[in-house]
Amino acid sequence: MVGKWKGTSKDQFGAKGTIETSYTYALEPSERFISCQYENRQEGKMVNRGAVFLMFDSNLGKFVWKDVISYGWISNGVGEWKNDRLTVDIVSIDGEPDYFKGLRLRNFIQKSSDYEIVDGVETAKPGEEFRVLGRISARKVRGLSVAK
Amino acid sequence: MLLHEPLKQLAFLLGEWRGNSQDQFGEKGVIESRYVFSPDPSEHFIAERAESWKEGKLVNRSVAYLMFDRNTGKYVRKSFFSYGWINNEVGEWRDDKLLFDIVSIDSEPSFFKGVRWRSFIRKYAEAEIGSGLEVAKEEQPFRLYGETRARRV
């Protein structure tokens, strides 16, 4: 993941049009974390930005995910890496907006290749199956060489 | 960038601070610290980037994000420590002190278990703050574990 990535999505996340996303993944604040600073822009205008921190919790045996989103909330997630896919259940949202209440949310990162990922969000109403709310296909534009 | 209410009352934090502590936080000697506070990723948050050194050697780096949760009427802070854990904190601003209960620690180290922690930022003056930790064993009252006094640079 570490490096810079750029992606686009069209008519996703309940929005019309194309959104361009840039991601900078780093080992921050130490090698025990992967952080991601991201920005989403539509027609050159900032839509939102945020910071994700991912860490492996050896007590849980799972990844812990915190997503600090410029709109004014923080998603707290717990996830697993399986079949080249990180699936993160959002277990709580600090400052949760009313329109999320009662919904279940899941983030995912699917590794398509060493230089291509799909980053997305799934949502489910009570008693219903998860469906994709939006997905962004991204390519690595700069970064560390990939360890084999 | 202007901070959103009620983070505005903490706007005095924005900027760079440097300080030190002596024989605090269970350590012998002097620890020097640097803090940079900024409105990031938006006016809804205050981000804090901190580093601490002992005898010129980096001992800890951290990143923290502070926001006001309108659902609970309290401040929320997530603190990511280079040691490899995350503090989940909920707090209130009272008497020039932002006091957080550390309600959970992701990847909590075993030597913390059974101990309660509180963290704080105290405003001593416009250009002087204290950043510290309080600790309590089981049902005992909290006591100061360590405080770094820092001045705006």
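How many residues does the contact take from chain A and from chain B? I looked this up before anything else. The contact takes 22 residues from chain A and 21 residues from chain B. (Residues are in contact if their C-beta atoms, placed from the backbone, lie within 7 Å.)

**Ground rules.** I noted that this is a predicted model, in which local features need pLDDT of at least 70, side-chain atom pairs count only at pLDDT 80 or more, and totals for chains, interfaces and linings use all residues. Residues are numbered from 1 along each chain as its sequence is written, while chains are lettered from A and ligands numbered from 1 in the order in which they are written.

**Chain A side.** I asked which elements give two or more residues to the side of chain A that touches chain B. They are β4 (45-57) and β5 (62-69) of chain A. (Strands are DSSP runs of E, at least two residues, and helices are runs of H or I, at least four; both are numbered from the N terminus.) β4(A) gives the most, with 6 residues. I then sorted the residues on this side and got 8 nonpolar, 7 polar and 7 charged. (Ala, Val, Leu, Ile, Met, Phe, Trp, Tyr, Cys and Pro count as nonpolar; Asp, Glu, Lys and Arg as charged; the others, Gly among them, as polar.)

**Chain B overall.** I found 0 helices and 10 strands in chain B. Its radius of gyration is 15 Å, close to the 15 Å that the globule rule gives for 153 residues, so chain B is as compact as a globular protein of that length. (The radius is taken over C-alpha atoms; the rule is 2.2 Å times the number of residues to the power 0.38.) The C-alpha trace spans about 40 × 35 × 30 Å along its principal axes. Buried residues make up 32% of the 153 residues in chain B. (Buried takes 20 or more other C-beta atoms within 10 Å of the residue's own, exposed 12 or fewer, partly exposed in between; C-beta atoms are placed from the backbone.)

**The barrel.** I traced 10 strands of chain B closing into a barrel, in the order β1-β2-β3-β4-β5-β6-β7-β8-β9-β10, with antiparallel pairing. (Two strands pair if DSSP finds at least two bridges between them.) At the end of that order, β9 (residues 128-137) and β10 (residues 143-152) of chain B pair over 8 bridges. Gly132(B) has Glu147(B) in β10(B) as its bridge partner.

**Around β5(B).** Is strand β5 (residues 74-81) of chain B mostly covered or mostly exposed? It is mostly covered, with 7 of its 8 residues buried. On one pairing, 8 bridges join β4(B) to β5(B). There Val63(B) has Phe80(B) as its bridge partner. The hairpin of these strands has 4 residues between them, and Gly73(B) takes a positive phi near 70 degrees. I also counted 7 bridges from β5(B) to β6 (residues 85-94) of chain B. Ser79(B) has Asn87(B) as its partner in β6(B). In this hairpin, with 3 residues between the strands, Gly84(B) takes a positive phi near 115 degrees.

**Asn60(B).** I located Asn60(B) in strand β4 (residues 57-69) of chain B. Why does Asn60(B) count as partly exposed? Because it has 17 C-beta neighbours inside 10 Å. Leaving aside neighbours within four places in sequence, Asn60(B) is in contact with Ser52(B), Phe81(B), Ser82(B) and Tyr83(B). Asn60(B) and Tyr83(B) are 23 residues apart in sequence and 7.1 Å apart in space, C-alpha to C-alpha.

Notes:
Contact = placed C-beta atoms within 7 Å.
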